[in-house]
Amino acid sequence: MIPNNFDKFLVSQCQKLDIKNLVKSIQEELLRDLILKSEINFEDVNIEFSYSKTGFDGSRLWLKCPICSHNIRIIYKTPNNFIGCRKCLNLDYESHIYKKIKNKIWD
Ligand SMILES: [Zn+2]
């Protein structure tokens with residue numbers, strides 16, 4: 001129904017379909033689907049992708065750890081050629097080691 005001149009509505013009262021947002025949403029969905037169907041080869045190990053939904057109606061892409069299959073942001077390769085997440089490879093940050101050394105010295 002089209003309102004007559006006496007029944008004007010405000011733009012803010014109306015639902016809207018914005019082509020810019022529509023295209024952006026379709027592009028993001030297509031890109032996500034394309035990435036999820038693919039794998040990346042990292043040092044001869046195939047790494048899968050996954051995604052999770054975020055609180056603000058968005059999504060976040062992840063790498064899947066080849067050892068534990070958890071969603072992770074970073075995959076590591078150790079000097080002795082093991083590939084996985086920090087937890088699986090039992091990796092430590094340098095700052096943690098310095099802290100441990102410092103604590104041993106001062107204990
Ligand atoms: Zn892992």
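Guide: Two strands pair if DSSP finds at least two bridges between them. Here strand 2 (residues 45–53) pairs with strand 3 (residues 59–64), antiparallel, over five bridges. Tyr 51 sits opposite Leu 61 of strand 3. This is a predicted model: local features need pLDDT of at least 70, side-chain atom pairs count only at pLDDT 80 or more, and totals for chains, interfaces and linings use all residues. Residues are numbered from 1 along each chain as its sequence is written.

Visitor: Which residue takes a positive phi in the hairpin of strand 2 and strand 3?

Guide: Asp 57, near 65 degrees; five residues lie between the strands.

Visitor: How many bridges join strand 3 to strand 4?

Guide: Two, and the strands run antiparallel; strand 4 covers residues 71–72. Leu 63 has Ile 72 in strand 4 as its bridge partner. Six residues separate the strands of this hairpin, and Ser 69 in the turn has a positive phi of about 65 degrees.

Visitor: What pattern does the chain follow along the sequence?

Guide: Helices (H or I, at least four residues) and strands (E, at least two) are DSSP runs, numbered from the N terminus. The pattern is α-β-β-β-β-β-β-α. The radius of gyration, taken over C-alpha atoms, is 25 Å, well over the 13 Å of the globule rule for 107 residues, so the chain is more spread out than a compact globule. That rule is 2.2 Å times the number of residues to the power 0.38.

Visitor: How many residues of helix 2 are buried?

Guide: Buried means 20 or more other C-beta atoms within 10 Å of the residue's own, with C-beta atoms placed from the backbone. For helix 2 the count is zero among its 13 residues.

Definitions and conventions
Buried ≥ 20, exposed ≤ 12 C-beta atoms within 10 Å, placed from the backbone.
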